[in-house]
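Good morning, and thank you for coming.

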Amino acid sequence: MMIDERRVRQIKGAIGEGSGEEKMREEETGSKVAVEKGSGVVVYWMRRDQRVDENWAFIHALQKALAYKVPLVVYFQIIQNYQYPYHRHFDFMLPGLEEVERRCHTLGVGTHITIGNGVADLIRFLQEVGASLLVTDHTPLRGPSSQITKLQDQVNIPIHVVDAHNVIPVWETSDKQEYSARTIRGKIYKLLDQFLVKFPEVDQLVARSKPPSFQTRFNKIDVEEIKSKLDLKPPAPVSWLTPGYEAGMSKLEDFITVKLANYAEKRNDPNEDSLSDLSPYLHFGQISAQEVVSQVLAIGNSGSEAFIEEILIRRELSENYCFYNENYDKFAGLPEWGKRTLEKHSMDTREHLYTLDELERGVTHDALWNSAQSQMIHTGKMHGYMRMYWAKKILEWTKTPQEAHRIAVYLNDKYELDGRDPNGYTGVAWAIGGLHDRPWVERQIFGNIRYMNYNGAKRKFDVDDYISRNSYNSK
């Protein structure tokens with residue numbers, strides 16, 4: 001089965017016309033990478049989707065390499081001076097890349113996982129291997145997207161961007177930023193049957209062709225050596241979650257078998273162990289959201305329906321927001337009505353004011369909030385209900401809504417294992433700025449933004465139990 005071409009954006013080069021060799025050539029001049037037709041390998045520049053199986057970007061690159069009878073090489077670059085050099089995130093990512101390397105080598109696919117400094121190093125690699133086609137996975141986030149813009153002006157080989165992260169390609173779901181889950185839900189379900197298809201087995205694809213040139217090998221990743229070369233900073237790694245594709249799929253099986261039946265009833269209680277714990281695997285692309293949706297839908301109980309609303313509707317709504325709003329991580333990206341009402345109340349008196357340092361250390365007057373912050377610092381996770389409460393209190397306890405938004409994004413990106421993700425940016429924008437929500441009754445500081453408080457939390461779950469479980473700072 002070939003990949004649905006709607007999932008592929010051809011930044012340069014066509015998929016369908018001409019002979020195999022001609023399809024691999026882009027007729028342009030003045031570029032830094034000049035490749036003769038059909039002369040080199042297909043390179044899959046892996047970025048966001050760090051897996052081999054159930055990965056449409058890898059499958060697309062593999063199918064092209066098989067068709068043109070040239071090697072496939074998976075290239076992954078760890079940025080030397082990364083903006084977020086946190087030990088926790090690299091400790092989770094790097095073992096997953098080791099697994100990618102092992103899996104590639106069982107297929108005869110080359111790998112080159114390296115430390116580098118962006119597009120310039122990638123271009124040197126393309127020159128070194130004589131690349132004829134570059135395939136990469138799609139991301140809506142600003143930094144990775146800008147790399148594609150830089151790259152397309154400096155190479156004259158085809159570049160294909162594949163949405164391997166969403167069940168439905170973000171550009172196919174909608175051509176604009178959607179207002180809410182209500183407005184995107186019907187669009188998703190209209191296309192779902194077309195895109196929720198069975199993945200080809202990569203082993204079978206390779207077995208049918210077996211080109212001898214697939215025996216290409218490159219460097220072997222050394223996790224500890226890479227860590228030693230990076231200036232990694234706290235927070236520390238976590239031990240409760242094992243990274244990688246195999247561990248992620250095992251976690252999915254455990255969720256479906258043990259937790260899914262009661263998910264609808266228990267998911268909003270932070271004291272219940274009812275969540276899937278899949279978000280770090282999905283964030284790093286170590287498992288496929290499409291595969292998760294397929295398996296959960298096959299169960300067909302009330303828990304399935306509630307979970308699909310989260311992993312399909314809400315998750316792809318977050319992707320839509322970040323794809324169509326360039327200010328997704330800034331106050332400027334909030335809906336106009338949210339910005340207006342917050343600015344109107346920006347001078348309201350705050351009973352409590354805290355600095356970033358005080359918030360980060362979790363030393364506020366609110367033991368519930370402190371425990372949520374402590375849970376995030378020590379485990380890399382905060383329950384979804386508490387994430388909402390946590391962000392709204394930051395709005396209530398800082399000098400301006402702009403400062404609140406900035407602090408919430410910073411803390412989420414630094415401590416959460418699934419930080420730096422559309423879900424996180426959308427969650428902060430929802431809690432602080434009313435994104436994908438509606439205006440509520442006007443009140444101090446919040447204006448028309450939905451309000452949450454301690455007493456509301458007490459009505460939902462045992463607050464004292466949560467505080468006792470998550471007050472790591474006092475243990």
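Where is the place of Arg 420? Arg 420 lies in the loop between H19 and H20. This is a predicted model, and in it Arg 420 has a positive phi of about 55° although it is not a glycine.

Pro 235 is placed in the loop between helix H9 (223–229) and helix H10 (245–259).

Let me turn to the strands. Strands of a sheet pair through backbone hydrogen bonds, either parallel or antiparallel. Here we find an open sheet of six strands, in the order E1-E6-E5-E2-E3-E4, and its pairing is mixed. Strand E1 (8–12) and strand E4 (110–116) are the edge strands, each pairing on one side only. On average, and with direction ignored, neighbouring strands of this sheet are turned by 25° against each other. Within the sheet, strand E2 (residues 42–45) and strand E3 (residues 72–79) run parallel and are joined by four bridges. Tyr 44 stands opposite Val 74 in E3.

Now to the helices. Two packed helices are described by the angle between their axes and the distance between the axes.

I begin with helix H18 (residues 384–396) and helix H19 (residues 401–415), which pack at an angle of about 140° with their axes 8 Å apart. Because of that angle, H18 is oblique to H19. The crossing in which H18 passes H19 is right-handed. Which residues of H18 meet H19? They are Arg 387, Trp 390, Ile 394 and Leu 395, and their partners in H19 are Pro 401, Ala 404, Ile 407, Ala 408, Leu 411 and Asn 412. Sorted by class, this contact of H18 with H19 has eight nonpolar residues, one polar and one charged.

The next pair is helix H14 (residues 302–324) with helix H20 (residues 422–433); they pack at about 85°, and their axes are 8 Å apart. H14 is therefore roughly perpendicular to H20. From H14, the residues Arg 314, Arg 315, Ser 318, Glu 319, Tyr 321 and Cys 322 meet Pro 422, Asn 423, Tyr 425, Thr 426 and Ala 429 in H20. The contact of H14 with H20 divides into five nonpolar, three polar and three charged residues.

Tyr 425 also takes us to the aromatic rings. How many aromatic pairs does the structure hold? It holds 19 aromatic pairs. In one of them, the rings of Tyr 328 and Tyr 425 have centres 5.3 Å apart and planes at 50°, so the pair is tilted. This pair links distant parts of the chain, since Tyr 328 is in the loop between H14 and helix H15 (336–344), Tyr 425 is in helix H20, and the two are 97 residues apart.

Finally, consider helix H17 (residues 367–379) and helix H22 (residues 463–470). Their axes come within 9 Å and cross at roughly 40°. H17 and H22 are therefore oblique to each other. Is their crossing left-handed or right-handed? The crossing of H17 and H22 is left-handed. On the H17 side, Ala 367, Leu 368, Ser 371, Ala 372, Ser 374 and Gln 375 take part, and they meet Val 463, Tyr 466, Ile 467 and Asn 470 in H22. The residues of this contact of H17 with H22 are six nonpolar and four polar, with no charged residue.

Thank you for your attention.

Notes. Residues numbered from 1 in each chain as written. Predicted model: local features only at pLDDT ≥ 70, side-chain atom pairs only at ≥ 80, totals over all residues. Heavy atoms only, no water. Axes fitted to C-alpha atoms, helices over the stretch in contact; angles between N-to-C directions. Parallel < 35°, antiparallel > 145°, perpendicular 65-115°, else oblique. Left-handed = near helix turned anticlockwise from the far one by under 90°. Contact = heavy atoms within 4.5 Å. Nonpolar A, V, L, I, M, F, W, Y, C, P; charged D, E, K, R; others polar. Pairing = 2+ DSSP bridges. Phe/Tyr/Trp six-rings, centres within 6.5 Å; stacked < 30°, edge-to-face > 60°.
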